[in-house]
Amino acid sequence: MEKRQCKANTVSSLNLNTMAKLFVFGIGGTGARVVKSLTMLLASGVRSNYNEIIPILIDPDRAGGDLNRTLKILKEYWGIQKELQNFEHNDFFKARILTLSEMISRKGGNTNVIDGFKFELDGVQTDSFKDFLDFGTLDPNNKYLTSLLFSDANLNSDLEKGFKGNPNIGSVVLNQFTKSDVFEAFARNFEEEDRIFIVSSIFGGTGAAGFPLLLKNIREGKVKGEHFDFLKNAIVGAITVMPYFKVAADNVSEIDSKGFISKTKAALHYYFKNVTGNNSVNALYYVGDLVSNEYENNEGGNDQRNDAHFVELISATAILDFANTDSNFLQTLNGRAQNPVYKEFGIREPTERVSFSSLYDETSRLIGVNLTKYFYFDLFLIEKMKNETNHPFASAYSNKFDDNFFDQTFFKTIVEFNKSFRIWLGELHRNKVGFSPFNIAPITNNQNEIVDIKTDAKSIFSLVNGVKEKKNWNPLVLNNYELYISELNKAAEKVGNTSTSKRFMGVFSQALTQILDQKIYS
Amino acid sequence: MVMNEFYSYIIENIFRFNEEPFSTDLYSESLYGTIGIITISSALLFNVIFYYVINRPNFARWWHWLLIGGVHLIICILAAYFIPKDSFDFLFFGSDPYNYTDYLSFSLINAIAAFAFYVFWMLFVRWKSVNAKQTPFPH
Amino acid sequence: MAIVQPLTDRQSRSFCHRPLHTFAKPLNPIRNRSFAKESNSTTAPIYISTIAKLSDMIQKGMYCLNTRNMITYWISFLVSLVAITSCGTNSTSELNRKINLALRTHNSVDEQEWNLISTYIIENKKSFPDLIGEDQTVDQNALNNYILEYSRTYRRGQNDPEILRPATMNQNQVKPTVKVFIENSGSMDGYVKGTTEFEASLSDLLVQIQYHYDKENLKVNFVNTKVYPSTVSEVKDFVEALEPDKAPYKVGDRSVSKLNEILKMILDSTDQETVSILVSDCIYSLEPDKDTEGALEFQKSLTKGAFLEKSKDFDFSTVVVKMSSKFNGKYWKKDNSSEQLSNVERPFYIWIMGANAYVNRFYELIKTNELKGYQHSYYLSTNGKAKLPYYTVLSETNRQGNFKNADRGQKNITSIMELKYDNGKIQLAIAIDLSGIPVESSYLMNPNNYNVPEGYEIVSVEGVNRNKITQRDFITIEKSTASHIITVSHSNKYTVQDLSISLSNQIPQWVEETSSMDDRTILDQLDKTFGLEYLVKGVTEAYITQRPERNSYLTIIIDIKN
C-alpha cells in the first residue's frame with residue numbers, strides 16, 4: 001500500500017471515495033479530554049497524514065463537563081475549518097474534522113445518524129441501571145445472577161452520570177452502541193484505507209468497558225448480521241490511559257480513586273487476553289503518570305470538569321503518531337493485526353513542569369513549533385488586533401481586517417476557540433505534572449476555574465520557556481510587535497487577495513513561520 | 001540647463017514668485033537648477049527613506065510621514081536660503097544688494113514647492129513599501 | 001636727600017606682565033571687503049605690529065623671557081606672517097573673481113573686461129610679478145595663459161574661453177601736422193590786449209599740441225586776408241607777446257575779415273595729414289544796408305559751398321568750440337559802426353578741421369572742454385555708423401509699473417515683455433554708454449535731442465550717479481562703460497511698439513542761443529555772436545548734403561515682446 005500523503009488541496013469531489021479517513025473514538029471523560037487536546041493540536045497545524053478525521057465521542061454522561069467542552073470546541077473547529085479549505089498558505093486548522101453523518105452524506109448515504117460528534121446512548125437519560133436491565137422483567141434465576149454480579153449500589157445507580165468507575169455496568173450498557181444504526185452506518189461506510197483509533201482510560205468506568213467492547217465488535221466485522229470485511233481488517237490503534245490523577249476522598253461519592261490501581265490491574269489482565277493477546281490492535285499505546293494529582297471528587301455531570309492534563313496531550317500525539325505511521329508497519333489479515341506494535345511515552349527527565357525542552361526531539365518536533373505558532377497567533381489577537389487595523393496587512397487589500405470582519409461569525413468563532421485554547425493552556429500549566437511551554441499565568445474565577453490566561457513579558461519572544469530568544473543587538477532591527485507586524489505585512493503581500501477568512505489565517509500562518517524562524521527556533 | 005528652465009518656470013509661473021532683479025540673478029547663476037535638483041531629489045530621497053529605509057510598523061502613521069517631510073522641508077529651506085546667499089556673496093564681491101527677506105521669501109516659496117514635490121513622490125514611491133504603503137492615506 | 005626706593009617686587013612683576021595691547025596694533029580685518037577698490041593698506045599696520053612686537057621683545061631682553069610671553073609673541077608673529085601672506089592670496093582670489101565674472105557670460109573675455117583685469121593687475125603690481133612685463137605694463141601672453149589656466153582648473157567641462165585682446169596701439173602712428181591759424185583782424189584785438197582767457201587757452205592748447213604732436217609738427221599762423229606763418233620757440237613767450245599793436249600779432253591787412261575767405265584758405269591748406277585749427281571770433285561781415293537776413297543767407301551758402309568743395313577731396317571732420325574770454329577793445333557792429341568795450345566777456349571760437357581719424361584722435365587727446373573759457377562744442381563728421389554702444393535696461397531704477405526680461409540668456413537686457421502699467425503709465429531706465437559720442441554733455445542730457453516712437457517720452461537723461469541708482473542696478477553697470485541713464489516712459493493709451501531711441505544729430509541748442517541777428521545793442525548781448533547760427537548751419541548743411549541719412553548719432557532698440 002502506498003503511503004498516502006494527505007494534502008488539503010487534493011480533496012476534490014472526484015476523489016471523495018479515495019480520501020482516507022481516521023475514525024477517532026473517544027470513550028468516556030478521558031476520551032473527551034484527549035480529543036480536545038487533539039483538536040487543539042490540529043488547530044495549530046500539527047501534521048497528520050490522515051487529513052480527514054471523524055471524532056466520535058461515546059459517553060452516557062450527557063452533561064459531562066469535559067464532554068460538552070470538547071463538543072463545543074469540535075463544533076467551532078468544524079465551523080472555522082469550513083472556510084479555510086484548499087488554501088495552501090494556511091497551516092492552521094489544516095486537518096478536516098467531519099461528523100459521521102457528514103461523511104456519509106458526502107458519499108450519498110442516508111443521514112439518519114448522529115449529526116454531531118457524540119453518540120447518543122439510549123436509555124441512560126433517566127434510568128437507573130436496574131431499569132436499564134429491565135430487572136423487573138427478569139426471571140428469578142437471572143435476577144439472582146444479576147445480583148451476584150452487581151452490587152445493590154450498582155443496580156440502583158443513576159446512569160445519567162455515567163458508570164462512575166464501574167466498568168461492569170459500562171460494558172453492559174455500551175453494548176447497545178455496537179447494535180445501533182450508527183455503528184451499522186459506520187461499518188458500511190468504512191473503507192479499505194481508513195483507520196480507527198480508540199481512546200479510553202483504563203481506570204474509568206466508561207472507557208475501561210467500552211474499549212474492548214468496541215474492539216471486539218470491529219474485529220468481528222459483523223453488524224446486524226452483515227459482514228463488513230474492510231472493518232474486520234481495519235488498521236486499529238488505541239491508547240489506554242493509565243491513572244494519572246486521583247480524586248479527593250469522599251464518603252458520599254461512589255468514585256474512589258484508591259480503587260483506580262486495582263481496577264487497572266484487573267483491566268490489564270483482561271486486555272492481555274482479549275486485546276494484546278489476540279492481536280486485535282495494530283498499535284497499542286500506553287501512557288500514564290505517578291499519581292500525585294488530586295482532583296475534586298465529582299461524580300459526573302457538569303462538575304466533572306477536570307483541568308486538561310499533559311498526559312491527555314500526549315495521548316493526542318499518540319493518535320497523530322498512529323496516523324503518521326506508514327501502512328507498511330500496520331497490516332491486518334483476517335481480522336488479526338500482523339506484527340502489532342506497542343508504544344510507551346517518556347520525557348527527558350522527571351520534572352514537575354514540562355516544557356518543550358523536556359520533550360524528546362520527536363515529540364517537540366511534532367508539536368513544538370505549531371503550538372508556539374498558534375500561541376503567538378492568539379497573543380496577537382488578544383493584545384493587538386483591534387488596534388492595529390491601519391497597517392497594510394489589514395487594510396491594504398480589498399478584503400480588510402476591519403470591524404466588519406471582526407463582527408462576522410468566522411472571527412467570533414476564532415475568538416471563542418482561542419479562549420478555549422487559552423484555558424486549555426492554563427489548565428495544562430496549573431496541573432501536576434504541569435505542561436508549561438509558555439510563560440503564562442492563569443486567571444481564575446470564584447470557583448477556582450481557569451477562565452483565561454495572561455502573559456507579561458517585555459519581549460514577547462521570550463515567552464517560550466526553555467527556549468532563548470534570538471537576540472539581535474543591532475538597535476535598528478525590528479523587535480517585538482513591530483517585527484510581528486512587519487512580518488504580517490510581508491506575509492500579506494505573499495498571500496495576496498482572497499477571501500477575508502482565508503487571507504486572515506494565511507497571513508498569520510505565513511508570518512509566524514518567519515517570525516519563529518527568526519526569533520525562536522532556527 | 002534644463003533643470004534651471006524647468007524649475008524657474010515652476011517657481012515663477014506656478015508659484016508666482018518673481019522678484020526682479022533677484023529672480024533674474026537666480027536664473028543667470030543657474031541657482032534655480034541647483035535648488036531644483038536639491039529640492040526634487042531630496043523629496044524623492046526622503047520618501048525613499050521613509051518608505052524603504054525606515055519602513056517600520058510603529059513609524060507608519062501619517063504624522064510620521066509628515067515628520068520626515070518636515071525634516072525635508074528644513075533642509076530645503078536652509079539650502080534655498082544659504083546657497084543663493086553664498087552664490088551672491090561671491091558674485092557681488094561681498095556687497096550683497098539683497099536683503100535677508102528676499103532670500104527668506106524665496107526660501108519659503110521653495111519650501112511650498114518642496115512640500116508639493118514631497119507629496120508628488122509619495123504617490124509613486126509608496127506602493128512597494130512593506131510596512132507603510134497605507135501611509136499617509138489608504139489606497 | 002632723596003631716598004631711592006627700590007622697586008618692590010610687585011612693581012617689577014607688573015612691568016613684566018604688561019598687557020599685550022599696549023604696544024601691538026590690532027590686525028585689520030582682512031575679510032571685510034569694502035565696495036571700493038580693495039586697497040593693500042592692510043600690510044602696513046601688520047608690519048608695524050610685528051616689528052613693534054619684535055623690538056619690544058628685544059627691549060625686554062633678559063627681564064621677562066618667561067614662557068608665557070614667548071608663546072604669546074611667537075603666536076602673534078606667526079599670525080602676522082599669515083596675514084601678510086594672505087594679503088597676497090587675497091589679491092589672487094580677487095583677480096580670479098574678476099576672471100570668473102568675465103567668463104561667466106559667454107565664456108569669453110572681451111576688450112572691456114580685459115582692460116578691467118589689466119587695470120587691476122597694474123594697480124596690484126606687487127602681487128602679480130609674473131604678469132607684469134618688462135615695460136611695467138601687463139604681459140599680454142602671460143595674462144592670456146593665466147586666464148586659460150584658470151578656466152581649465154576651475155571651470156571644468158568648459159571649452160577654452162575666447163580672449164579678445166585690445167588691439168595694440170600703433171606705436172608708430174604717423175603724427176599729423178597741426179596748423180594753428182589765429183585770426184588777427186581788427187575785431188580780434190580785444191582778445192589779446194593784456195592777459196586774457198583767450199591767451200590762456202591758446203597757450204594751453206599750443207602746449208598740449210606740442211606735447212602730443214611734437215614741436216616740429218606744430219605750425220602757427222596768423223590769418224586775415226592772407227596766411228602769415230609765424231614761429232614759436234617758447235609757447236609762453238609767444239602768447240605773452242601777443243598784443244594788438246606789435247609783432248608777431250600785428251601782421252598783414254587787419255582791416256578786413258572775411259570769414260568765408262579765411263575758411264576757404266584754411267581748408268585749402270589742409271591735407272589728409274593735417275589738422276587745422278582756427279581761432280576766430282567768427283563774425284560774418286556783411287555789406288551794410290543790405291537785408292540782414294538775406295545777406296546772412298548768402299554768407300551761409302558760401303560757407304556751405306566751401307565745405308562741400310573740400311569734402312570732395314577727402315572725408316573730414318569739423319569741430320566748433322565756443323570759448324569765452326575777457327575783451328578789451330573795439331567791437332564792429334553789423335552796420336560797421338563800432339563800440340568800445342572794456343573788460344567784458346565775449347565769445348570766440350576754436351575750429352578743428354582735418355581727416356576724420358586725426359580729428360577724432362585730436363579730440364580725444366586734447367580735452368578742449370578743459371581749456372580755460374570753454375563753453376560749448378559741436379562736432380561734425382562724416383564717420384560711418386557708430387558701433388552700437390553698451391546699453392541695458394535697468395530692472396529697478398526709476399521704474400514705474402513692471403516688466404520682465406524677455407531673453408534671460410543675454411548679459412544685457414535689450415528686450416522686455418509682459419509690460420504692466422501703473423496708472424496708465426510705464427517707466428523704465430536704460431543705462432547706456434554715450435562716451436563715444438562727440439557731443440558735449442549738455443547736448444546729451446537734453447531730452448529734446450532724442451527721437452522716440454509715438455507714445456514714448458524721454459523723461460530725463462542723466463549721468464550715472466551712484467546715489468540715483470539702486471544698489472543692484474549699480475552692480476550691473478559699475479563694471480561697464482555706461483555713462484548715462486535715459487529714463488523713458490510710455491502711456492498705455494498708445495499701442496506699444498519697439499522702443500527705438502535715436503540721438504539726433506542736429507545743431508545744438510547753444511548755437512541758436514548764442515546767435516544774434518542784430519548786434520547793434522551789443523551791450524545787451526555780450527555773450528552772443530552775430531550770425532553764428534547761419535555760419536554753423538552752413539557747415540551743417542554741407543555735412544547733411546554729403547550724408548543725408550546721417551541724422552542721428554546712434555540708435556538703440558529695446559524690443560517689446562508679448
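Why does the distance between the end C-alpha atoms of helix α2 (residues 65–82) of chain A agree with its 18 residues? At 1.5 Å a residue, this helix should span 26 Å, and its end C-alpha atoms are 26 Å apart, which agrees. The expected span is 1.5 Å times one less than the number of residues. Helices (H or I, at least four residues) and strands (E, at least two) are DSSP runs numbered from the N terminus.

This is a predicted model, in which local features need pLDDT of at least 70 and side-chain atom pairs count only at pLDDT 80 or more, while totals for chains, interfaces and linings use all residues. Residues are numbered from 1 along each chain as its sequence is written, and chains are lettered from A and ligands numbered from 1 in the order in which they are written.

**Chain A**

Remain at α2(A) and select its buried residues, among them Asp66(A), Leu67(A), Trp78(A) and Ile80(A). A residue is buried if 20 or more other C-beta atoms lie within 10 Å of its own, exposed if 12 or fewer, and partly exposed in between, with C-beta atoms placed from the backbone. The elements that cover these buried residues include α1 (28–43), β2 (52–58) and α16 (409–430) of chain A.

Next, select strands β17 (residues 440–444) and β18 (residues 450–455) of chain A, which pair in the antiparallel sense over five bridges. Two strands pair if DSSP finds at least two bridges between them. Pro442(A) has Ile453(A) in β18(A) as its bridge partner. Five residues lie between the two strands of this hairpin, where Asn448(A) takes a positive phi near 60 degrees.

Now colour the chain by pLDDT, the predictor's confidence in each residue, from 0 to 100. Chain A has a mean of 83, and 85% of its residues reach 70 or more. Over residues 1–18 of chain A, pLDDT stays under 50.

**From chain A to chain B**

Display chains A and B together: 12 residues of chain A are in contact with 10 residues of chain B. Two residues are in contact if their C-beta atoms, placed from the backbone, lie within 7 Å. On the side of chain A that touches chain B, α17(A) supplies the largest share, six residues. By class, this side has four nonpolar, five polar and three charged residues.

Chain B has a mean pLDDT of 90, and 100% of its residues reach 70 or more.

**Chain C**

Moving on, 10 residues of chain B are in contact with 10 residues of chain C.

Within chain C, select the open sheet of seven strands in the order β5-β4-β3-β6-β8-β7-β9, whose pairing is mixed. Its edge strands, each pairing on one side only, are β5 (227–230) and β9 (374–380) of chain C. Strands β3 (residues 177–183) and β4 (residues 218–223) of chain C are parallel and share six bridges. Lys179(C) has Lys219(C) in β4(C) as its bridge partner.

Finally, select the four strands β10-β13-β16-β15 of chain C, which form an open sheet in that order with antiparallel pairing. Seven bridges join β15(C) to the antiparallel strand β16 (residues 484–491) of chain C. There, Ser460(C) stands opposite Thr487(C) in β16(C).

How values were computed
Nonpolar A, V, L, I, M, F, W, Y, C, P; charged D, E, K, R; others polar.
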